[in-house]
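Subject: Handover of a structure

Dear colleague,

Please find the structure below, followed by a short account of what was found in it.

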Amino acid sequence: MTGKLTAGLVIAVPIALFGLLGPLVVQDPSRVDDIGLTAPAAGHLLGTTQTGQDVLAQLAYATRGSLIVGAVVGVLTLLLSGFFGIVGAYAGGWLDEAFSLFINVMLVIPGLPVVIVISAYLPDRSLLLVSLVLAITGWAGSARVLRGSTLSLRNRDYVLASRVAGEKRWRIILVEILPNLVPLLASQVVFAVIFAILGEAGLSYLGLGASESFTWGTMLYYAQNGLALRLGAWWWFVPPGLLLALFGAALALINFSIDEIIDPKLRNQTRAARRGWRMSREQLRRAREVTL
Amino acid sequence: MTSLEVRGLVKDYRLRDGLRSTRLRAVDDVGFTLDHGRTVALVGQSGSGKSTIARLLLQLERPTAGEIRLDGRPVARRGAGLIRYRRLVQMVFQDPFASLNPHHDVAHHLARPLRLHHPELSRADVDARIRHLLERVQLDPAMAGRRPHELSGGQRQRVAIARALAPSPGILIADEPVSMLDVSIRLGVLNLLATLQREEDLGVLYITHDLATARHFSDDILVMYRGRIVEHGPADEVILNPKHEYTRLLADATPDPERRFGPAPR
C-alpha cells in the first residue's frame with residue numbers, strides 16, 4: 001500500500017459511493033421550483049439552479065451518470081483491446097498482420113472529431129450510445145501496449161514448455177499468458193476510465209453528450225448556459241467541476257501505483273526517493289571533517 | 001522403446017533487411033538417431049544451430065527440408081498423432097528461471113501434462129503422481145504448493161525435469177540443462193538426469209558446449225559447427241582422437257591439469 005494508492009483510493013471510493021448511493025436519498029433532480037437561483041441553505045445544501053432544481057440531487061445523479069460512462073467504456077476497452085491485442089499477437093502470421101493493421105487504423109483516427117461527427121449525426125443519444133462511441137475511438141492505444149507485451153511473453157520458455165506439453169492455444173492464452181498481463185490490463189482500464197469520463201464531460205460541455213441524462217459534463221453545460229459564472233453562482237459549477245478534477249486525479253494516482261507494481265524501478269524515480277540517496281547534512285559535515 | 005530418427009534436416013531463416021532478403025541456413029543436412037537407453041551429446045559453440053535442432057525436434061518450428069521419424073514412421077504435425085508425439089518427446093529447458101510460469105505453483109506445472117496425456121486419472125491419482133514425481137527428482141513432496149520464486153535454481157530445474165517426465169516420455173531433450181545453475185549443484189542435476197535415464201530407459205539428447213560433461217554422461221557425441229555435424233562417434237573416440245579441426249580446437253580449450261604453462265621442468 002503506497003502513499004499514491006492510499007491517496008487515490010481515499011478520494012475515489014467516497015466519490016464512487018456518492019454516485020452509487022446518493023441518488024437513493026436525494027430528491028428528484030428535475031423538479032422545478034419557483035424559488036429560482038438560491039445560494040446553499042438548510043433546505044438545499046448546495047443551493048438551486050436557475051429553475052430551482054436542487055444542485056445536490058443533480059450532482060448525485062450526475063456522478064452516477066459519469067461513473068456509468070466510465071465503467072462501460074472500461075469494460076469495452078478491456079474486451080476490445082484484449083481481443084485484438086493479445087489474440088492477434090499470440091496467433092502471429094497473417095492474423096497478427098490483419099489485427100495490427102486494424103489497430104493502427106483505429107489509432108490514427110482522430111478521436112474527438114469523430115466523436116463530434118457521430119454525436120452530431122445522431123440527434124437522440126442515450127448514455128450507452130455515447131459510451132459506445134467513446135470506447136470505439138479509445139481502445140486502440142491499449143491494444144498496442146498489450147500486443148507489445150504479448151509478443152514478448154509468447155516466446156518465454158514457460159509458454160514454449162506448455163506448448164511442448166500439448167496445451168491448447170486458448171488455454172495457453174487464458175491460463176499461461178493472461179495472468180502475467182493482469183497488472184498491465186488494470187492500468188490500461190483505469191486509463192480508459194479517465195479518458196471516458198473526461199471525454200464525456202468534454203462532449204457534454206459542447207452540447208453533444210447524452211440527452212435527457214445527468215453527468216458532470218451536462219451539469220457544467222447547463223451552468224454555463226444559465227450564466228452561472230456571471231451571476232456568481234459558484235455552487236452550481238464548482239461541485240461538478242471539482243468532482244471531475246478530483247476523480248480524474250484519484251484514478252491517475254491509482255494508475256501510477258499500478259505502474260509501480262508492474263515496474264518496481266519506477267518507485268526510485270521520484271524526486272523524494274532520489275533525495276534519500278544523497279548524504280544528509282550530518283554525513284556531509286562528518287565527511288568534510290575527515291577529509292580536512 | 002522409442003527411437004527418434006532425423007534425416008537430412010535443414011532449417012533456413014529468412015533475414016529481411018529492407019527490401020533485400022537473405023537466407024540463413026541454421027541447420028544444414030543433419031541426421032542422427034536417438035535410441036532408447038542411450039544418451040547422445042550435441043556439442044557446439046553458440047549459434048551453431050544446437051537449439052534450433054531442439055526446437056525442430058519439439059515441433060515448435062517446421063523444418064525447411066528433411067524428415068523426423070518416430071519409431072520408423074514420419075511424425076504427425078497435427079491432431080491425435082501430434083498429441084501422441086507430445087507425450088513421447090519432452091524437453092528440459094536451459095533457464096529454470098524462465099521455464100516456470102511465475103503465476104502458477106509447482107503442482108500446476110506437473111498436473112497439466114498429467115491431465116493432458118492421462119485424462120482418465122482422478123484428482124487423487126494426479127495428486128499421488130505429483131508427489132511421486134517430486135520424490136523421483138529428490139524434492140520434498142510438500143513443495144507442490146510453492147510458487148517458482150520460492151525455489152532455488154537447482155530446485156526449479158528439478159521441477160522442470162519432473163514436468164518433462166510427467167507424461168512418461170520415451171525421448172528427453174535437455175537443452176543445456178545445467179548451464180544456468182550454480183557450479184556446485186550441476187553435478188547433482190546431471191547425475192539425477194543420468195539415473196532417471198537408466199530407470200526410465202529414455203533416449204536423451206544432451207545439448208551442451210561442455211566437452212567434459214558430454215564425455216562423462218553420454219554414449220555418443222555429435223559435434224556441430226555452423227549448422228553441420230562435423231564429427232560423430234562414441235564419446236571417448238571423439239574426445240581422445242578428434243578428426244575435425246574444430247573438435248581439436250574445442251578439446252584443446254578445456255583445461256588439462258596434466259599440462260603446465262610454459263615448458264615442463266626437467
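Which element gives the most to the lining of the largest pocket? This is a predicted model, in which local features need pLDDT of at least 70, side-chain atom pairs count only at pLDDT 80 or more, and totals for chains, interfaces and linings use all residues. Residues are numbered from 1 along each chain as its sequence is written, chains are lettered from A and ligands numbered from 1 in the order in which they are written, and side-chain values use heavy atoms, with hydrogens and water left out.

The answer is α2(B), with 4 residues (helices are DSSP runs of H or I, at least four residues, and strands of E, at least two, numbered from the N terminus). A pocket is an open set of points on a 1 Å grid over the protein atoms alone, where a 1.4 Å probe fits, with protein on both sides within 12 Å along at least five of seven lines; lining residues have an atom within 4 Å of a point.

The largest pocket is lined by 25 residues, and among those nearest its centre are Arg163(A), Arg169(A) and Gln59(B). Chain A contributes two or more residues from each of α2 (55-91), α7 (157-165) and α8 (169-205), as chain B does from α2 (79-88) and α3 (106-117).

Gln59(B) is in the loop between α1 (50-57) and β4 (65-70) of chain B. Although not a glycine, Gln59(B) has a positive phi of about 60°. Gln59(B) counts as buried (under 20% relative accessible area, with a 1.4 Å probe and protein chains only), at 9%.

Yours sincerely

Notes: Buried means under 20% relative accessible area, exposed over 50%, partly exposed in between (1.4 Å probe, protein chains only).
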